[in-house]
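Here is a briefing on one protein chain, written for a reader who is new to looking at structures. Please keep the sequence and the model in view while reading, and find each residue as it is named.

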Amino acid sequence: MTDGELLLATVDQLDGYRVESYDGIISVHVSGGINFVRGWFVALRDLVGGKVGTFENEAIRLEERAKRKLCGRAGQIPGVNAVIGLQFAYHHIGQQRKSMLALTVTGTVCRIRSVSGSPHH
């Protein structure tokens with residue numbers, strides 16, 4: 001990890017690092033629309049089997065947007081260099097033609113330090 005870089009992790013403990021301070025909880029929310037036609041194709045694929053690329057691609061886009069937003073917000077907190085214990089929660093909002101996929105990402109902002117003698121520093 002280099003200076004100015006923010007480490008994101010779904011775990012609470014990082015091998016080779018020590019948490020020096022916990023600086024609170026951070027949450028971000030992002031959403032994206034899923035139109036009726038795309039929803040119909042997904043339902044059809046569910047019936048006959050196969051990969052549901054539309055939702056997978058939208059989920060990937062939402063995760064990337066959420067991580068950028070999370071890094072931007074956490075980066076404004078002095079001294080913070082990690083967000084640990086990340087949890088990703090998806091929600092489907094609406095019905096048929098007015099449908100959205102929402103993602104909430106929550107984690108703990110903290111300051112970590114490489115443990116002396118660790119190969120990770």
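**A buried charge and its surroundings**

E58 is buried, since its relative accessible area is 8%, and buried here means under 20%. The model is a predicted one, so every value below is computed from predicted atom positions.

**The chain as a whole**

- The secondary structure of the chain consists of two helices and four strands, and, when read along the sequence, these elements follow the pattern β-β-α-α-β-β.
- The chain has 121 residues, of which 32% count as buried, and E58 is one of the residues with a buried side, having a relative accessible area of 8%.

**E58 and R61 in helix α2**

- E58 is found in helix α2, and R61 lies in helix α2 as well, three residues apart from E58, which is about one turn of the helix.
- E58 forms a salt bridge with R61, in which the closest N and O atoms are 2.9 Å apart, and the contact between the two side chains is also listed as a polar contact, at 2.9 Å.
- As a general point, side chains of opposite charge can pair when their charged atoms come close.

**Other salt bridges**

- How many salt bridges does the chain have by the rule used here? The count comes to four, and the pair of E58 and R61 is one of them.
- D23 forms a salt bridge with R111, with the closest N and O atoms 3.4 Å apart. D23 lies in strand β2 (residues 17-34) and R111 lies in strand β4 (residues 98-114), so this pair ties together parts of the chain that are 88 residues apart in sequence.
- D23 is partly exposed, with a relative accessible area of 27%, and R111 is likewise partly exposed, with a relative accessible area of 32%.
- K67 forms a salt bridge with E64, where the closest N and O atoms are 3.3 Å apart, and these two residues are three residues apart in helix α2, separated by about one helical turn.
- K67 counts as partly exposed at 29% relative accessibility, and E64 is partly exposed too, with a relative accessible area of 36%.

**A positive patch on the surface**

- Which residues gather in a patch of positive charge on the surface? They are R65, R68, K69 and R73.
- K69, one of the residues in this patch, is found in helix α2, which covers residues 53-74, and K69 is partly exposed, with a relative accessible area of 39%.

- Although Y22 and C110 are 88 residues apart in sequence, they are 4.4 Å apart in space, taken from C-alpha to C-alpha.

Key
Residues are numbered from 1 along each chain as its sequence is written. This is a predicted model: local features need pLDDT of at least 70, side-chain atom pairs count only at pLDDT 80 or more; totals for chains, interfaces and linings use all residues. Side-chain values use heavy atoms; hydrogens and water are left out. Patches are made of residues with over 30% relative accessible area and no salt bridge: like charges are joined within 9 Å, nonpolar side chains (Val, Leu, Ile, Met, Phe, Trp, Tyr) within 5 Å. Accessible areas come from the Shrake-Rupley method with a 1.4 Å probe; for residues, only the protein chains shown count as cover. A salt bridge is a side-chain nitrogen of Lys or Arg within 4 Å of a carboxyl oxygen of Asp or Glu. Lys and Arg count as positive and Asp and Glu as negative; His and the chain ends are not counted. The place of a charge is taken as NZ of Lys, CZ of Arg, CG of Asp or CD of Glu. Buried means under 20% relative accessible area, exposed over 50%, partly exposed in between (1.4 Å probe, protein chains only). A polar contact is a pair of N or O atoms within 3.5 Å; within protein, one must be able to donate a hydrogen and the other to accept it, and residues adjacent in sequence count only if both atoms are side-chain atoms.
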